[in-house]
Amino acid sequence: MKMLIISAAFPPMRAGEAEHALHLCTHLASRGADVHLLTTRGQSAPDSVSFHIHAVMKSWSWSDAPTLVSMLRKIQPDLVLLIYTAWIYQSHPMITFAPTIVKRVLGKAFFITQLETIKEENRQQPLATRAIRKFVTCGMGGAGVDYVMGTLYRDSDRLIVLSERHLIQLGALMPDVVSKTEVVPPPPLIPMCADVHTARDQGRARLSLSQDHFLLAYFGYIDYTKGVETLLQAVQLVSKQARNVRLVMIGGGRGTANSALDQRGKFVANYASEMESLSERLGIADKVTWLPGYSSGSQEASMYLYAADVCVLPFDHGVILSRSSLAAAAAHGLPIITTRGEHLESPFQDQENVFLCRPKDPEELALAISSIMKNPKLIQDLRNGACRLAVDWFSWDKAMARTIGPFQKDLR
């Protein structure tokens, strides 16, 4: 099977979509597919890869449409998979018509759109943009063409969403496409250490920890919706009673993409730096280690996860299957403390495979941490539950089967 993966994001760009593209291509290639990646100029894999990289797209605007057509004719894929979230394509509409372009150029090729997020995009756009969209819509056949999403919904043979919550959101926006949509959560997007015990010892040695220290790990980019401020406040509370508690922040910030409004509505030029300053103001700077970002091929993140005793992911809007940080923690068999949002997805069972608390509540999070620290049986139960969660929902074998399984017999 010859496959073309389209993703504007790819290493060295620091974004979850970039890592998802890299690991998806790698795992597809390892299963015998002839994989080609179409991405943005300047992107390159960290080391030697087992697939073909075509970093030829300049801006993903209409001026790049001929390049897309040229690459389709050159590669002649049986299946095209688009990794889509608007911002990595600079919110330009060209790529939202990709399924129709592919079918007109290649005829019978299958097209899958993997929707990394689901949200209602801004429809109040400049007059020139609206005029171009209307012109293209007429050329693509007006029926079923979405003003913002183009023909992604209409002409994709299959849609992939990353969580049950995303499926519900998509159903509210476009109920007619739910029947061709599959939930495929992202598996771990990091290389994992083979020797667990060696990795744990090395990680704790690098952090200058003794066996008596109880290490909490936060994994993921330092973003303003991930409850970092809540976590730091909780650690301050816990450390008053448990002087052996430590916290390692694995992942680093996003750099310029990290600028955001914080929880108070204040503009923060670099949220990661602001959170480091907060740890100092809280008097816990000596208990928190802030690690820089790691390269895509590095096992550093895995080493530090194995070094930890518990992973804490206090998302502001609750845990969701699409969090690759959660997948990584579960794959490492870590007890996971996280948050219950408005709607809890079916795989999550409180105090069985995750320990749930309210979002944005430092006192409750501190109580959860203290409860786990004092209860070895609960730690083991959560470890076992995390391993089951990883097998059931976050394995690459199951992700591949859910992604391309329905097409394999037709493409032989």
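View 1. Helix H11 is mostly covered, with six of its eight residues buried, where buried means under 20% relative accessible area, exposed means over 50% and partly exposed lies in between (1.4 Å probe, protein chains only). Helices (H or I, at least four residues) and strands (E, at least two) are DSSP runs that are numbered from the N terminus. The buried residues of H11 are Ser325, Leu326, Ala327, Ala328, Ala329 and Ala330, and they pack against strand E8 (214-219), helix H10 (300-307), strand E13 (310-313), strand E14 (336-339) and helix H13 (376-393), a contact being heavy atoms within 4.5 Å. Just after H11, Gly333 takes a positive phi of about 65°.

**View 2. The whole chain, for orientation.** This is a predicted model, in which local features need pLDDT of at least 70 and side-chain atom pairs count only at pLDDT 80 or more, while totals for chains, interfaces and linings use all residues. Residues are numbered from 1 along each chain as its sequence is written, and side-chain values use heavy atoms, with hydrogens and water left out. The protein chain has 14 helices and 15 strands, and buried residues make up 55% of its 412 residues. Among contacts between residues at least 6 apart in sequence, 73% join residues at least 24 apart.

**View 3. The largest nonpolar core.** A nonpolar core is a set of buried Ala, Val, Leu, Ile, Met, Phe, Trp, Tyr and Cys residues joined through side-chain atoms within 4.5 Å. The largest such core has 39 residues, of which Ile6, Trp60, Tyr84, Tyr89 and Leu115 touch the most other members. At least two residues of this core are supplied by each of strand E1 (2-6), H2, strand E4 (79-84), H3, strand E5 (110-115), helix H5 (152-155) and strand E6 (158-161), and the largest share, six residues, comes from H2. Apart from this core lies another, of 37 residues, among them Ala199, Leu215, Leu291 and Leu389.

View 4. Trp60 is placed in the loop between strand E3 (52-57) and H2, and at 1% relative accessibility Trp60 counts as buried. Leaving aside residues up to four places away in sequence, Trp60 touches Ile6, Ser7, Ala8, Leu38, Thr39, Thr40, Tyr89, His92, Met94 and Ile95. Most residues other than glycine have a negative phi, and most peptide bonds are trans. Phi of Trp60, however, is near 60°, a positive value in a residue other than glycine. Phi of Gln90 is near 55° and likewise positive; Gln90 is placed in the loop between E4 and H3, and at 58% relative accessibility Gln90 counts as exposed. A cis peptide bond, with omega about 15°, joins Pro11 and Pro12, and Pro12 is in the loop between E1 and helix H1 (16-30).

**View 5. Helices H2 and H3.** Two packed helices are described by the angle between their axes and the distance between the axes. The axes of H2 (residues 65-75) and H3 (residues 98-106) come within 10 Å and cross at roughly 45°; axes are lines fitted to C-alpha atoms, for helices over the stretch in contact, and angles run from 0 to 180 degrees between N-to-C directions. H2 and H3 are therefore oblique to each other, since angles under 35 degrees count as roughly parallel, over 145 as roughly antiparallel, 65 to 115 as roughly perpendicular and the rest as oblique. In this pair, Leu68, Val69, Leu72 and Arg73 of H2 meet Ile101, Val102, Val105 and Leu106 of H3. By class, the contact has seven nonpolar, no polar and one charged residues, where Ala, Val, Leu, Ile, Met, Phe, Trp, Tyr, Cys and Pro count as nonpolar, Asp, Glu, Lys and Arg as charged, and the others, Gly among them, as polar.

**View 6. Helices H7 and H10.** Helix H7 (residues 196-206) and H10 pack at an angle of about 90°, with their axes 7 Å apart, which makes H7 roughly perpendicular to H10. H7 contributes Val196, Ala199, Arg200, Gln202, Gly203, Arg204 and Arg206 to the contact, and H10 contributes Glu300, Met303, Tyr304, Tyr306 and Ala307. By class, the contact of H7 with H10 has six nonpolar, two polar and four charged residues.
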